[in-house]
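Thanks, everyone. Let's walk through one structure together, from its rings to its core.

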Amino acid sequence: MSERYVRQLFAGEGTSFSDYVNGERLAYVHSCLTDRRQLLRRIADIAFEVGFNEPSTFYRQFRLRYGMTPTEVRALTEGR
């Protein structure tokens, strides 16, 4: 499978490979933040673990996707 073909597949879905990867990264961080067993892990550590090197980019993308900050998501988990 060529790189060009993969790009075309994503373009056909109205997205790109990098958008897909970022979405998967954000979903993983969100799942960690809503897992009570991981409440002691720092949000930045989780974000760095999946490849977000710039905190401001991570926080902006997270808020755009979920409509709240990672801290707000974690606070909801703590309140359960």
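First, a term: a residue is buried at under 20% relative accessible area, exposed at over 50%, and partly exposed in between, using a 1.4 Å probe and protein chains only. Now the ground rules. This is a predicted model, where local features need pLDDT of at least 70, side-chain atom pairs count only at pLDDT 80 or more, and totals for chains, interfaces and linings use all residues. Residues are numbered from 1 along each chain as its sequence is written, and side-chain values use heavy atoms, with hydrogens and water left out.

Start with Phe-10. Its relative accessible area is 19%, so Phe-10 counts as buried. Tyr-20 is at 43%, so Tyr-20 is partly exposed.

On to ring pairs. Rings of Phe, Tyr and Trp (its six-membered ring) pair if their centres lie within 6.5 Å; planes under 30 degrees apart are stacked, over 60 edge-to-face, and the rest tilted. The structure holds 6 aromatic pairs. Phe-10 and Tyr-20 form a tilted pair, because their centres are 5.6 Å apart and their planes sit at 45°. Phe-10 is in helix 1 (residues 3-12) and Tyr-20 in helix 2, so this pair ties together parts 10 residues apart in sequence. Helices here are DSSP runs (H or I, at least four residues), numbered from the N terminus.

Next pair: Phe-58 and Phe-62. Their centres are 5.8 Å apart and their planes at 55°, so this pair is tilted. They are 4 residues apart in helix 4, which means about one helical turn separates them. Phe-58 is buried at 1%, and Phe-62 is buried at 0%. Ring pairs also link Phe-52, Phe-58, Tyr-59, Phe-62 and Tyr-66 into a cluster.

So what surrounds Phe-58? Contact means heavy atoms within 4.5 Å. Leaving aside neighbours within four places in sequence, Phe-58 touches Leu-26, Val-29, Ile-43, Ala-47, Phe-52 and Pro-70.

Now the core. A nonpolar core is a set of buried Ala, Val, Leu, Ile, Met, Phe, Trp, Tyr and Cys residues joined through side-chain atoms within 4.5 Å. The largest one has 12 residues, including Leu-26, Ile-43, Phe-58 and Val-73. Helix 2 (17-33), helix 3 (43-49) and helix 4 (55-66) each give two or more residues to this core. Which helix gives the largest share? Helix 2, with 4 residues.

Last stop, helix 2. Its buried residues are Gly-23, Leu-26, Val-29, Cys-32 and Leu-33. They pack against helix 3, helix 4 and helix 5 (70-79).
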